[in-house]
Amino acid sequence: MAHCTKCQTEWTFKDKLRTVKNLYGSAKCPYCGEKQYISMRSKRQGSMLSMIIILAIFIPVFFDIPLMVHILIGAASIIAVLILQVAIIQLSGKEEFPE
């Protein structure tokens with residue numbers, strides 16, 4: 001679960017979703033107002049989760065699956081990945097960059 005690094009308050013799913021929507025990957029803590037960033041570890045895990053979408057879209061191509069089922073599999077994988085990305089978020093008090 002995501003906790004503010006300053007006040008240690010646990011963020012709700014809605015609070016974490018607001019952080020993901022933001023292009024900068026940061027948001028103010030709704031409880032203490034301190035700016036929080038998505039940790040580098042969470043960013044890496046989220047990028048790995050995105051591979052699920054690619055697999056879900058291209059693997060059914062090799063099988064004889066109707067187009068509508070193919071579209072439903074793709075849509076379901078996109079929704080699942082977005083929910084999982086929000087669920088795995090961990091916060092950092094400072095912006096982290098890859099080394």
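Let's start with a charged pair: the side chains of E34 and K6 meet in a salt bridge, 3.8 Å from N to O. E34 sits in the loop between β1 (26-28) and β2 (35-38), while K6 belongs to the segment before α1 (13-21), so this pair ties together parts that are 28 residues apart in sequence. Bear in mind that the model is predicted.

How exposed are the two partners? E34 is partly exposed, at a relative accessible area of 32%. K6 has 57% relative accessibility and counts as exposed, because anything over 50% falls in that class.

How many salt bridges turn up in a search of the whole structure? The answer is two, and the other one joins the side chains of D15 and R18, again with 3.8 Å from N to O. Here both residues lie in helix α1, three residues apart, which is about one turn of the helix.

Is D15 buried or exposed? With a relative accessible area of 11%, D15 is buried, since the cut-off for that label is under 20%. R18, on the other hand, comes out at 35% relative accessibility and counts as partly exposed.

## Charges over the whole chain

Stepping back from these pairs, the chain carries 11 positive and 7 negative side chains.

## Fold layout

As for secondary structure, there are three helices and three strands in the chain. Reading from the N terminus, the order is α-β-β-α-α-β. The loop holding E34 falls between β1 and β2, and the D15–R18 pair belongs to α1.

Contacts also reach across the sequence. Looking at those between residues at least 6 apart, 59% join residues at least 24 apart.

## Overall shape and surface

Along the principal axes, the C-alpha trace spans about 55 × 30 × 20 Å.

Buried residues account for 29% of the 99 in the chain, and D15 is one of the buried residues.

Note on methods:
Residues numbered from 1 in each chain as written. Predicted model: local features only at pLDDT ≥ 70, side-chain atom pairs only at ≥ 80, totals over all residues. Heavy atoms only, no water. Helix = DSSP H or I, 4+ residues; strand = E, 2+ residues; numbered from the N terminus. Buried < 20%, exposed > 50% of the residue type's maximum accessible area, 1.4 Å probe, protein only. Contact = heavy atoms within 4.5 Å. Lys, Arg positive; Asp, Glu negative; His and termini not counted. Charge placed at Lys NZ, Arg CZ, Asp CG, Glu CD. Salt bridge = Lys/Arg side-chain N within 4 Å of Asp/Glu carboxyl O.
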